[in-house]
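The report below takes the contacts one by one.

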Amino acid sequence: MRFEVADTLEGAASLLAGEQGVAHVLAGGTDLLVQLRAGMVKPDLVVDIKHIEATRTISESDGAYTIGAAVAGAEMGEHPTLASDWPGVTEGAELIGSTQVQGRASMGGNLCNASPAADSVPALIAAGATCTVVGPGGTRDVAVADIPTGPGSNSLGQGEFVATINLPKKAANSSDAYLRMIPRTEMDIAIVGAAANVTLGDDGTIMAAKIVLGAVAPTAIEVPEAGAALVGTKADDDALAAVAAACEAAAKPISDKRGSADYRKKVSGVLAKRAAKIAFDRASGNA
Amino acid sequence: MSKIHVSTTVNGDPVEFLCEPQQTLLDVLRDELQLTGSKEGCASGDCGACSIELDGRLVCSCLVLGAEAEGRDVETVESIAVGDTLHPVQAKILEHGALQCGYCTPGFVVAAKALLDRNPDPTETEVRYWLAGNLCRCTGYDKIVGAVLDAASEMRGETS
Amino acid sequence: MTYDNENLKVVGTRPVRPDGADKVTGRANFGADFSMPQQLIGKVLRSPHPHARIVSIDTSKAEALPGVKAVMVGEDMIAMAHEMSQSGESAIDVHDLSLNVLARGKVLYDGHAVAAVAATSAVIADDALDLIDVTYDVLPHVSDVDEAMKPDAPVLHEDMFTAGMDEKPATASNIASRMEMALGDVEEGFKKADIVIERSYKTKAVHQGYIEPHAVVANFAEDGTATVWCSSQGHFAIRDLCAKLLGMDSSAIRVTPAEIGGGFGGKTTVYLEPLAIALSKKAGRPVKMTMTRAEVFRATGPTPATSLDVKIGVTNDGQIVAAEADFRFNAGAFKGSPVGAACMSAFTPYTLENVKVVGYDVVTNACKSGAYRAPGAPNGAFAVESALDELAHMLNMDPLDFRHQNGAEAGTKAVYGATFREIGCKDVLVAAKNHPHYKSNLGPNQGRGVASGFWFNIGGQSNAAVNVHEDGTVTVVEGNPDIGGTRAAMAMMAAEVLGIPFEKVQVVVADTASIGHTDVTGGSRVTFATGMAVTQAAEDVVRQLKERAAATMELDPEEVVWQDGVAHPTKGEAKPLSLADIAGDAARTGGIIVGRSSINAKGAGPSFATHICDVEVDPETGRIEILRYTAVQDVGKAIHPSYVEGQMQGGAVQGIGWALNEEYVYNEDGILENPGFLDYRMPVASDLPMIDTVLVEVANPSHPFGVRGVGEAPLVPPLAAVVNAIQDATGIRMTELPVSPVKMLEALEANQKQAAE
């Protein structure tokens with residue numbers, strides 16, 4: 001295995017594209033090093049992108065955020081406005097692992113590692129986030145939802161990597177939330193994850209809503225029927241029950257050592273309605 | 001496979017070492033630098049026994065490659081006591097009997113100090129969630145949490 | 001008991017432990033922290049199959065790899081005959097142990113060691129493992145204990161004919177042994193019952209979960225002696241087991257105990273140690289071996305999965321008139337599960353006239369089970385305490401009152417034959433009932449459960465020396481690795497007897513050459529047995545101090561009293577002499593003073609515990625939270641209360657993990673799916689509240705300070721305490737552990753469905 005440090009985005013792309021064998025990007029390393037130690041990956045080349053400034057900074061312009069793909073979860077929480085503008089996105093990223101893991105784990109890695117249970121992904125999709133992909137052919141913007149293609153696989157081409165994750169300016173009177181079901185209080189992989197993003201009209205009624213589920217399908221999935229069930233309501237019990245039902249119907253989970261398919265379906269509905277309520281309360285200023 | 005030459009700072013001292021590309025910083029600390037205070041419990045970031053501070057940030061050294069230490073600032077448990085004076089976290093752990101086998105203790109010392117450096121007045125819940133990445137099998141955490149809260153209190157100048 | 005509570009100056013206080021500074025600074029050396037010059041790194045090749053014949057092993061390519069200095073396979077170990085040898089709290093068959101250390105002929109579980117190499121680096125050692133070609137003939141496997149008992153189950157051992165039967169069976173099976181013990185006549189007893197319940201329970205294998213993986217450095221020298229550094233719960237056991245397995249004299253092996261990062265019973269036996277010594281012999285260089293976390297899970301000794309049936313009969317006024325149990329324990333690949341201890345302990349907190357317990361030790365294609373904190377007892381208590389809880393509800397009795405009415409006390413005869421002296425069983429129930437926790441209010445979806453438990457505690461062999469230095473300071477030399485603060489307890493007892501400050505006493509845990517044989521740090525025995533030895537050695541010192549003082553004072557020794565570290569004449573005008581005075585003069589009066597004791601301690605006092613647990617269950621997700629927990633236990637005499645509390649808190653939390661989240665998940669192919677801390681879920685700090693402790697002190701008359709063992713009993717009640725609390729919160733009786741959110745939600749939904757119908 002060779003280890004290289006890239007100083008620029010183009011340099012990183014060039015190193016990755018030029019590798020005949022297997023090349024991996026190293027951001028926080030909290031997935032890669034585990035897989036390396038377990039023998040699950042055997043890269044010929046590892047490229048550390050953390051020396052590239054763009055991947056390590058959070059910048060805000062006109063309310064829109066550009067978050068470096070190698071920014072650590074802990075750093076996101078320390079940003080003066082990111083957490084209050086996007087509490088759901090931030091809490092999704094900050095639920096990954098422990099305090100120690102938080103010191104390194106990045107949204108870029110979490111996204112590209114493409115675990116169906118990735119904690120940061122549902123809220124990013126609900127937020128309409130995009131990512132800037134850098135490759136030998138140049139730069140392109142891709143919806144976050146289009147990066148994971150299945151468990152452990154992503155849509156990036158040879159030599160491409162995610163440089164930043166971009167959040168649009170948040171709509172007025174909107175907020176988001178992310179919840180996950182784990183047996184303990186920390187440290188577990190999500191059995192189910194649910195993100196909600198709601199926007200309120202002037203009368204306090206929901207005028208737009210997105211519900212996205214994690215860990216219940218090969219990739220995170222948006223449930224349009226659940227979002228639709230919230231529109232025109234104030235997240236009352238009936239609306240939330242409809243959200244839950246829509247999610248139970250849409251979830252296509254597997255049974256594995258962490259949970260059964262039945263359990264995941266059921267709880268996806270429970271978490272979605274709870275997340276929707278939290279997002280609604282936050283958007284209303286009542287959180 | 002050739003080794004990588006790394007120049008870094010460990011516990012305030014300039015240090016150079018050679019390491020394999022896939023060697024973790026934990027491997028390097030223990031096997032190349034004889035700093036065996038950081039422990040391996042799992043090598044997968046699930047137990048916190050290898051906790052260090054990297055550029056002032058609490059991390060698992062088993063999740064950092066030795067090569068990534070280049071130009072960085074590494075602080076291990078060996079730097080926490082100053083001379084023959086224990087840090088309040090260390091002293092309170094001893095006073096409260098908050099260790100039994102002591103294997104997880106270095107990790108807890110580093111993690112707790114990192115907490116109190118940032119948050120001098122944490123609640124019990126905040127202490128527990130901050131330390132959730134440090135596994136202890138002997139104590140049930142009770143006395144560790146009590147010791148950290150007591151150390152925080154002492155560091156704030158409140159006498160018990 | 002010699003030292004009464006009123007006048008104690010050191011015992012019962014909370015000084016900082018002697019090894020404390022090293023442990024909080026990272027300086028203390030654990031198993032993997034030691035290295036020898038020129039050492040090689042040893043690694044183990046492990047079976048990927050749960051059951052297979054080893055057709056052939058070709059190590060030639062591995063041996064040819066540059067940097068590889070030694071390779072070994074099962075044929076390099078000595079073929080052992082079946083012979084029982086003491087290991088930890090129980091006996092172990094060295095034939096089985098040898099095969100577990102390195103397979104020969106067959107592999108019996110996923111992770112079973114098949115070959116080992118020593119090379120100049122870890123990377124080369126790993127490469128060497130990849131170059132070893134093993135041809136397997138895969139056989140059908142069996143993982144479940146009840147399945148393994150069926151006549152058509154794949155048989156692991158051709159020479160296993162169930163022991164304990166009236167007639168030796170004609171065919172081999174997986175049932176290693178059957179045992180039965182009884183008092184009275186349960187048939188008659190059940191006839192007297194107004195209510196009889198029969199229930200079945202299941203538990204999964206769980207691991208001790210020590211944070212430190214196994215580690216050893218060994219050097220085999222040209223003269224046939226070996227030096228070993230390893231962490232263990234008993235370096236004498238390690239030495240003697242290695243000597244047996246390798247055909248060496250015990251005196252040829254010197255084991256230095258490293259600090260140990262947790263054991264809980266799992267480090268009372270050998271895994272890597274014989275391999276490291278054998279590889280070192282082959283290579284002519286020291287060999288260091290450590291286990292990865294995955295190896296710890298796959299190939300050490302978790303406690304068995306079990307299948308448990310109980311039947312209990314009571315009269316309407318709350319008297320238990322008959323109790324019966326059938327326990328089937330999954331010993332893993334080799335016989336020797338702690339089913340016997342389960343049979344002996346499950347009903348023991350109660351005074352019963354009619355009781356019968358039958359136990360089966362059954363082998364399956366899983367790793368060989370090991371000892372885990374009160375081995376067997378948590379399983380038996382889970383079943384019995386769950387059933388008793390149901391009965392208490394049926395009788396409309398308070399569950400603590402129900403237990404108290406039937407509680408064991410001095411004079412009670414237990415099913416395994418012992419008759420109790422003073423015990424704290426009922427005192428503990430009373431203390432639990434009076435605790436504010438028991439009276440506090442609960443909210444919606446919340447419930448409270450109680451459960452009791454018992455553990456024998458053992459005595460055993462201990463050796464101690466108390467060396468008095470010329471300046472009057474003292475070093476205690478003993479042979480028990482310090483897992484939980486025992487150095488402090490030893491120093492405190494010695495200081496108390498000698499009448500000197502705690503700070504003047506150092507404690508050394510000596511290697512196998514430097515102190516006499518001492519049984520393991522396990523069985524809740526160290527403060528009891530080694531404490532007794534240290535106390536007696538210190539008393540031996542006092543006897544000698546008095547003799548020396550008497551000689552100087554020109555009195556008879558009976559005319560001198562020892563008080564607070566000073567020899568006082570009871571008559572005449574002689575000046576009192578301090579320990580330092582006498583020590584400084586020792587050369588003149590007869591030589592350096594050393595106290596010694598070598599004992600096989602008798603009279604270990606059993607420990608009874610009762611725990612109270614409050615939970616909240618999320619009705620929509622099945623997630624269970626522990627809200628409050630109180631552990632009450634009879635501890636005899638708490639030498640250092642902080643470390644006694646620590647034992648109770650640690651054991652309670654292990655039990656909470658066992659009840660809610662921990663389990664070995666073997667898939668259909670017999671492969672362990674969760675050999676890591678991510679999916680083997682032990683409690684983390686944020687999962688728990690503070691664990692309150694109540695130390696009830698009913699002194700054990702056999703120990704000079706009244707000590708009872710305390711370490712193991714805390715793991716016995718929590719399983720049922722948690723499950724009983726869940727019942728109280730939801731109305732649902734969970735009978736299979738762990739009670740994961742998935743299982744809980746399934747049960748809640750089934751319950752709702754039933755209620756609707």
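The model is predicted.

**Chain A: two domains**

Chain A is assigned two domains. Domain 1 of chain A covers 2-49 + 57-167. Domain 2 of chain A spans 174-283. Their C-alpha centres are 24 Å apart. Across the contact, 23 residues of domain 1 of chain A meet 26 residues of domain 2 of chain A. On the domain 1 side, helix 5 (87-94), helix 8 (121-126) and strand 8 (148-150) of chain A each provide at least two residues. That side of domain 1 of chain A holds 15 nonpolar, six polar and two charged residues.

**Chain B: two domains**

Chain B also has a domain assignment: domain 1 (4-79) and domain 2 (88-155). Here the C-alpha centres lie 22 Å apart. The contact draws 13 residues from domain 1 of chain B and 11 residues from domain 2 of chain B. Strand 3 (residues 51-54) of chain B gives the largest share of the domain 1 side, three residues. By class, the domain 1 side has six nonpolar, five polar and two charged residues.

**Chain B against chain C**

How many residues does each chain bring to the contact of chain B with chain C? Chain B brings 45 residues and chain C brings 43 residues. Four helices of chain B give two or more residues each to the chain B side: helix 2 (88-95), helix 3 (105-118), helix 4 (124-130) and helix 5 (142-155). Helix 2 of chain B has the largest share, four residues. The chain B side has 22 nonpolar, 13 polar and 10 charged residues.

**Chain B against chain A**

Chain B also touches chain A, with 24 residues of chain B in contact with 21 residues of chain A. Which elements of chain B give two or more residues to this side? They are strand 4 (57-60) and helix 4 of chain B. Strand 4 of chain B gives the most, four residues. By class, this side of chain B has 14 nonpolar, seven polar and three charged residues.

| Domain 1 of chain A, touching domain 2 of chain A | 15 residues | six residues | two residues |

Notes. Residues are numbered from 1 along each chain as its sequence is written. Chains are lettered from A and ligands numbered from 1 in the order in which they are written. This is a predicted model: local features need pLDDT of at least 70, side-chain atom pairs count only at pLDDT 80 or more; totals for chains, interfaces and linings use all residues. Two residues are in contact if their C-beta atoms, placed from the backbone, lie within 7 Å. Ala, Val, Leu, Ile, Met, Phe, Trp, Tyr, Cys and Pro count as nonpolar, Asp, Glu, Lys and Arg as charged, and the others, Gly among them, as polar. Domain bounds come from an automatic or database domain assignment.
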